[in-house]
Number of protein chains: 2
Amino acid sequence: MKKRLTLKLIAKELDVSISTVSKALRDSAEISEDTRQKIKAFAKLYNYKPNNIALSLKNRKSKTIGVIIPEIVHHYFTTVISGIEQVANEKGYHVIICTSNNSFDKEVINMEILANGSTDGFILSVAKETQQKGDYHHLTEVIEQGMPLVMFDRVIEEINCDKVIIDDTLGAKKAVQHLINLGCKKIGLISTIDYVSVGKLRTQGYLEALSENNMELNESLILKVDDFDESEDEISRFLSDKSMDAVFAVNEHFAIYAIKAFKEQGLDVPKDVSVIAFTDGELSKRFIPSLTTINQHGEEMGAQAARLLIRKLENDDSEDEPFETIIIETGLVERNSTKR
Amino acid sequence: MKKRLTLKLIAKELDVSISTVSKALRDSAEISEDTRQKIKAFAKLYNYKPNNIALSLKNRKSKTIGVIIPEIVHHYFTTVISGIEQVANEKGYHVIICTSNNSFDKEVINMEILANGSTDGFILSVAKETQQKGDYHHLTEVIEQGMPLVMFDRVIEEINCDKVIIDDTLGAKKAVQHLINLGCKKIGLISTIDYVSVGKLRTQGYLEALSENNMELNESLILKVDDFDESEDEISRFLSDKSMDAVFAVNEHFAIYAIKAFKEQGLDVPKDVSVIAFTDGELSKRFIPSLTTINQHGEEMGAQAARLLIRKLENDDSEDEPFETIIIETGLVERNSTKR
DNA sequence: GAACACTACGAAAACGTTTTCGTGTTGACA
DNA sequence: TGTCAACACGAAAACGTTTTCGTAGTGTTC
């Protein structure tokens with residue numbers, strides 16, 4: 001097992017001082033051409049690489065971004081991470097990822113650990129439990145310590161920091177407007193209960209689209225799924241006697257259950273009924289029929305979040321710079337679950 | 001912006017020496033009950049947390065595991081990460097994730113950066129390009145430096161280190177055996193070209209299953225997909241005139257294309273033909289019909305890899321301990337794409 | 001009262017860097 | 001010959017810890 005080369009070792013070997021070695025390697029003018037060459041040659045030969053930890057301690061920055069997400073086994077979050085990683089690496093940062101598993105405690109602990117020097121700033125999507133609990137002390141604490149924080153997707157209004165979100169309401173409106181443009185008259189909504197913020201916002205988009213088109217609101221066409229595990233049955237029952245010509249679902253899974261239910265009723269998607277979903281994942285692409293969806297552009301969201309964070313990190317007087325909220329445009333991806 | 005509390009600051013505030021503070025906080029018997037209480041109270045009040053970077057430098061360990069994977073937007077890898085994270089966190093480690101994007105260069109760079117103190121060891125699934133190139137100098141280098149390395153999934157035979165893999169051949173055999181048990185006589189195979197190792201191994205499992213059951217090998221029932229992007233058409237053509245009663249596909253996507261093609265031929269899955277896939281992902285669960293699959297147990301693979309790595313990290317004389325290769329059992333998940 | 005053992009604390013080194021400042025050696029110049 | 005600047009380098013502090021060792025001060029023992 002070879003020992004890692006340090007400045008000290010090089011200095012001893014070449015019979016100069018540590019400072020000389022350090023300066024030579026950084027091309028300081030203080031060092032003569034001769035010794036500089038000698039030292040650099042030696043360092044290269046034995047593959048010297050400075051110790052990141054020592055540098056971090058010295059510079060009081062780790063060049064590392066901490067990312068905390070509710071869960072990693074989730075296509076959308078991986079696209080966000082992918083976006084974060086790309087711009088982070090480009091700018092010489094690396095990325096530590098922790099999952100909170102939607103647990104408040106784990107979120108707090110992860111933040112505390114990473115805040116103790118491991119990380120220069122955070123990119124975070126809060127855990128469901130945190131949202132419900134309304135306890136944000138861990139967030140305010142890191143902010144008070146001067147660590148920049150960027151929240152994305154699931155953000156907390158009250159916290160004063162940079163944010164990157166999508167316009168859920170507008171996205172939902174887009175989806176429903178698309179259905180209306182196709183000539184659909186009786187459009188159902190499959191959403192989640194309102195305390196899940198996205199459920200609420202997307203429901204609002206649905207309502208706005210209807211009202212803007214002077215279409216009557218029919219409450220019986222709205223389902224708010226309570227228990228995810230029971231959703232398949234719930235949806236099937238909900239769809240059984242409504243004779244809709246279109247459905248907007250707030251996620252892929254609900255859309256697929258809807259299609260399944262329609263099939264069982266002998267209805268064809270998209271001939272008899274159109275289905276559109278929020279969230280564009282692997283499932284949407286491959287399903288038969290493939291799903292028309294609203295794309296959340298996760299990768300761009302990650303990229304923007306990283307850019308925002310790094311800007312704060314590299315700007316010394318960022319203190320008094322105002323916080324930004326970037327809204328990522330959603331996109332309509334037309335596929336085969338809606339008629340043309 | 002509050003400044004972070006350090007031992008030095010506490011010492012100054014309480015008019016004792018830094019060493020006294022350090023010792024008091026670690027409950028050293030050298031310190032009198034009185035001062036110990038006083039210091040601990042103060043530290044708690046102002047929420048002192050030791051600086052991880054300083055500890056890393058001092059202890060020459062970072063308590064961090066570096067994970068390098070080919071891509072993160074991939075359900076299987078996220079399950080592995082999830083497993084790694086669970087056992088890592090449990091044992092007080094955190095996890096840095098980097099993606100190589102299947103690029104050799106990025107894999108090398110990531111390893112070099114992380115190896116400079118940021119990380120105590122690696123868990124790695126090599127990039128495709130690395131596999132093709134056959135250049136493993138970055139792997140041997142970190143090993144020589146005494147950093148433990150655990151490879152998973154896509155491993156390199158020649159590298160001497162701990163490994164966690166699944167038995168692709170056995171898994172494939174299981175799948176085909178299942179089809180045979182169901183009474184299928186004419187079983188097709190949709191695989192990848194042989195230089196993708198999993199394609200080769202799974203093909204071998206298919207062959208073994210046939211021969212063990214004394215079934216004749218019919219080369220025309222084997223498709224080796226060359227170009228992933230063209231695979232849909234390729235599969236559709238391949239399936240058009242073979243009148244098989246079952247197909248084993250080496251991944252979800254191929255299986256789905258197969259089902260699509262059968263449908264277009266007017267065949268029903270699973271009534272007329274059974275389809276089974278390797279890799280159990282989101283897609284398999286939700287597709288209609290849902291897919292019978294071979295599950296690779298990614299989470300367990302990650303957990304085992306982490307356990308292996310941490311054992312090496314915590315064992316001082318791990319030098320001469322032999323390397324292990326753990327084989328994760330594959331499981332058969334019966335769903336609706338195979339008849340009962 | 002001398003010798004000794006505790007007790008409770010502080011000084012300093014170490015981890016691997018960077019950077020400021022000090023200094024010995026040259027050569028030029030008056 | 002004395003003064004001074006330029007050059008090339010080294011010593012030391014600093015980042016925040018832990019740990020070893022040294023040592024005042026106190027109390028015990030014969």
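User: Where is A:P289 found?

Analyst: A:P289 sits in the loop between α13 (282–286) and β10 (292–295) of chain A. Helices (H or I, at least four residues) and strands (E, at least two) are DSSP runs, numbered from the N terminus. This is a predicted model, where local features need pLDDT of at least 70, side-chain atom pairs count only at pLDDT 80 or more, and totals for chains, interfaces and linings use all residues. Residues are numbered from 1 along each chain as its sequence is written, chains are lettered from A and ligands numbered from 1 in the order in which they are written, and side-chain values use heavy atoms, with hydrogens and water left out.

User: Which peptide bond joins A:I288 and A:P289, cis or trans?

Analyst: Start with the general idea. Most residues other than glycine have a negative phi, and most peptide bonds are trans. The bond joining A:I288 and A:P289 is cis, with omega about -5°. A cis bond also runs from A:V269 to A:P270, where omega is near 10°. A:P270 belongs to the loop between α12 (252–264) and β9 (274–278) of chain A.

User: What is phi of B:N47?

Analyst: Phi of B:N47 is near 60°. That is a positive value, in a residue other than glycine. B:N47 is in the loop between α3 (33–45) and α4 (52–59) of chain B.

User: At what angle do α11 of chain A and α12(A) pack?

Analyst: Two packed helices are described by the angle between their axes and the distance between the axes. Axes are lines fitted to C-alpha atoms, for helices over the stretch in contact, and angles run from 0 to 180 degrees between N-to-C directions. Helix α11 (residues 231–239) of chain A meets α12(A) at about 50°, and their axes are 9 Å apart. The angle therefore makes α11(A) oblique to α12(A). For the classes, angles under 35 degrees count as roughly parallel, over 145 as roughly antiparallel, 65 to 115 as roughly perpendicular and the rest as oblique.

User: Is the crossing of α11(A) and α12(A) left-handed or right-handed?

Analyst: The crossing of α11(A) and α12(A) is right-handed. A crossing is left-handed if the near helix is turned anticlockwise from the far one by less than a right angle, and right-handed if clockwise. In α11(A), A:S231, A:E232, A:I235, A:S236 and A:L239 make contact (heavy atoms within 4.5 Å). Their partners in α12(A) include A:F254, A:Y257 and A:F262.

User: How do α1 and α3 of chain A pack?

Analyst: Helix α1 (residues 7–14) and helix α3 (residues 33–45) of chain A pack at about 125°, with axes 11 Å apart. α1(A) and α3(A) are therefore oblique to each other. Their crossing is right-handed. A:I10, A:E13 and A:L14 of α1(A) touch A:K38, A:I39, A:F42 and A:A43 of α3(A).

User: At what angle do α6 and α8 of chain B pack?

Analyst: Helix α6 (residues 104–118) and helix α8 (residues 137–144) of chain B pack at about 15°, with their axes 10 Å apart. This angle makes α6(B) roughly parallel to α8(B). The crossing of α6(B) and α8(B) is left-handed. Residues of the contact include B:F104 and B:M111 of α6(B), and B:L139 and B:V142 of α8(B).

User: What area do chain B and chain A bury between them?

Analyst: The size of an interface is often given as the accessible area lost when the parts come together. Chain B and chain A bury about 4,700 Å² (accessible area, 1.4 Å probe, lost by the two parts and summed over both). Carbon and sulfur atoms carry 57% of it. B:I53, B:N116 and B:R286 supply 15% of the area that chain B buries against chain A, more than any other three residues. The contact takes 51 residues from chain B and 51 residues from chain A.
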